[in-house]
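Trainee: I would like to learn how to read a structure like this one. Could you take me through it feature by feature?

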Amino acid sequence: MPAHTDNALPSTFGQRVRRARERAGLTRPVLGGLVGRSSEWVKALEVGRLQVPRLPLLLRLADVLGVEDLAELTGEERLTSASYGKAAHEALPAVKSALTSYQFNGADEEPESVDELRARVREAWQMWHGRGGHRTRVAVLLPDLLADCQYAARVLEGSERRRALVALAQAYHLAQLYLSFQPAPELVMLTGDRSMSAAQDADSPHTIAGAAWYMNHVFRDAGERHEARVDLAMKAADLLDRNRGPEDLARWGLLHLAAALSYAKVGRRGDAERYWNRANEAAKRLGHGYAHPWLIFGRDMVDAYAITMYTDLVQSGVAVDAATQIDLAPMKSATRRSFHLIESARAYKLQGEDIAVVHLLKKAYAESPETIRFNLFARPAVAELATGNNAVIRDDARQLARDLGVPA
């Protein structure tokens, strides 16, 4: 047999990462710290329990490892749009135009009443959480809703202006959710910033807390350091009085859940669990049947996010345990049920249980097709399983690939 030379590339992505790490003289904890992940995450990547990361993290990994040509890490694995690209929703241009165009109504034009605007915002949130094409339905409403809320906030005065700003902030949250997993990261940051500005102008601690929850997601996706994410969440939480009533308590718990997820991203299990416990205590105080009407915070949501937390910590056994114990059926949001089913599939994928992965992704598709269609774990996972060697699930995976529009 020919001798293995140092110049020969190892056969898998994980082996190539390990080779580059050892060549750079980095330990797993050091490499993890430099890319904002844990040593367990690096180990899982190297032994093949994690998929090739998304392009922004892959580029950061290559930079830290001193790798100039990504092919040195990816080998023959192509950076296809199915794996790394974000599928674009058909209404994205219209939503983008609504966010980047400025309309100037006549000075004598009466704005819509704030009560009517708030009713329209509530209706849009109900559509977002309902079954079926939630993105498609909300995209139809967003352009006019944003324009009317903006106009009302511009021309009204006093308390009515502040109420209009609250409605505007919630409309921006919807736009931010619509834009998530779309090829428009700059617009996600834009809507997050605008919602926080509207919340601050409204001088509303409740609205600031909601904006901080969504900004925390933006910061995590952008790779912002966890200290900044946690600081934002805790500053917003300090504006609330958790003993005042359910609105304060739900948002207080939500922000501690945000901190838990931020710590999980960087492998700090103790801190993640500590903040998750605080969120859980808040949810318990609110009662088993409580769910915030549009933030959906409650016992079901906190339990479900334990799956995400432990999956990000690369604690697959604990994550799968959490997934087996939760009943998502009572959760009052089809989009959230679908998301948490996908997160359960991600946990099972860490353990190499591909049959469970396909089963859960099929359930997620049945709950909310547009949630899974634009999910950045589901798309490459389905592409991989549809072309894999497991004949038991191959047909189901191929059907899922067709449903999601993923080349396989």
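Trainee: How do helices H14 and H16 lie, roughly parallel or oblique to each other?

Mentor: Start from the angle between the two axes; keep in mind that this is a predicted model. Helix H14 (residues 246-265) and helix H16 (residues 299-312) pack at about 15 degrees. Angles under 35 degrees count as roughly parallel, so H14 and H16 are roughly parallel to each other. Their axes are 8 Å apart, and H14 passes H16 in a right-handed crossing.

Trainee: Which residues of H14 and H16 meet?

Mentor: From H14 come Leu254, Leu257, Ala260, Leu261, Ala264 and Lys265. On the H16 side, they meet Met301, Tyr305, Thr308, Met309 and Asp312.

Trainee: Let me try another pair. At what angle do H7 and H11 pack?

Mentor: Helix H7 (residues 92-100) and helix H11 (residues 185-202) pack at about 45 degrees, and their axes are 11 Å apart. That angle makes H7 and H11 oblique to each other. The crossing of H7 over H11 is left-handed. At the meeting place, H7 brings Lys96, Leu99 and Thr100, while H11 brings Glu186, Leu187, Leu190, Thr191 and Arg194.

Trainee: Now to single residues. Is Phe297 buried or exposed?

Mentor: For this, look at the relative accessible area; under 20% counts as buried. Phe297 has 1% relative accessibility, so Phe297 is buried. Its place is in the loop between helix H15 (269-286) and H16. Setting aside neighbours within four places in sequence, Phe297 contacts Ala250, Gly253, Leu254, Ala279, Ala282, Ala283, Leu286, Tyr290, Ala291, His292 and Val302. Leu254 is also among the H14 residues that meet H16.

Trainee: Where does Gln182 lie, and what polar contact can I look for there?

Mentor: Gln182 is in the loop between helix H10 (158-179) and H11. With 0% relative accessibility, Gln182 counts as buried. For a polar contact, check which atoms take part, backbone or side chain. Here a polar atom of the Gln182 side chain lies 2.7 Å from the backbone nitrogen of His89.

Trainee: And Lys349, is that residue buried or exposed?

Mentor: Lys349 lies in helix H18 (residues 334-350). Its relative accessible area is 12%, so Lys349 is buried. The side chain of Lys349 makes a polar contact with the side chain of Asp354, at 3.3 Å.

Trainee: What else does Lys349 touch?

Mentor: Beyond residues up to four places away in sequence, Lys349 touches Arg49, Gln51, Asp354, Val357, Phe377, Glu384 and Leu385. Lys349 and Ala381 are 32 residues apart in sequence, and their C-alpha atoms are 8.6 Å apart. Phe297 and Glu384 are 87 residues apart along the chain, with 34 Å between their C-alpha atoms.

Trainee: What is the mean pLDDT of the chain?

Mentor: The mean pLDDT is 90, and 92% of the residues reach 70 or more.

Notes
Residues are numbered from 1 along each chain as its sequence is written. This is a predicted model: local features need pLDDT of at least 70, side-chain atom pairs count only at pLDDT 80 or more; totals for chains, interfaces and linings use all residues. Side-chain values use heavy atoms; hydrogens and water are left out. pLDDT is the predictor's confidence in each residue, from 0 to 100. Helices (H or I, at least four residues) and strands (E, at least two) are DSSP runs, numbered from the N terminus. Buried means under 20% relative accessible area, exposed over 50%, partly exposed in between (1.4 Å probe, protein chains only). Contact means heavy atoms within 4.5 Å. A polar contact is a pair of N or O atoms within 3.5 Å; within protein, one must be able to donate a hydrogen and the other to accept it, and residues adjacent in sequence count only if both atoms are side-chain atoms. Axes are lines fitted to C-alpha atoms, for helices over the stretch in contact, and angles run from 0 to 180 degrees between N-to-C directions. Angles under 35 degrees count as roughly parallel, over 145 as roughly antiparallel, 65 to 115 as roughly perpendicular and the rest as oblique. A crossing is left-handed if the near helix is turned anticlockwise from the far one by less than a right angle, and right-handed if clockwise.
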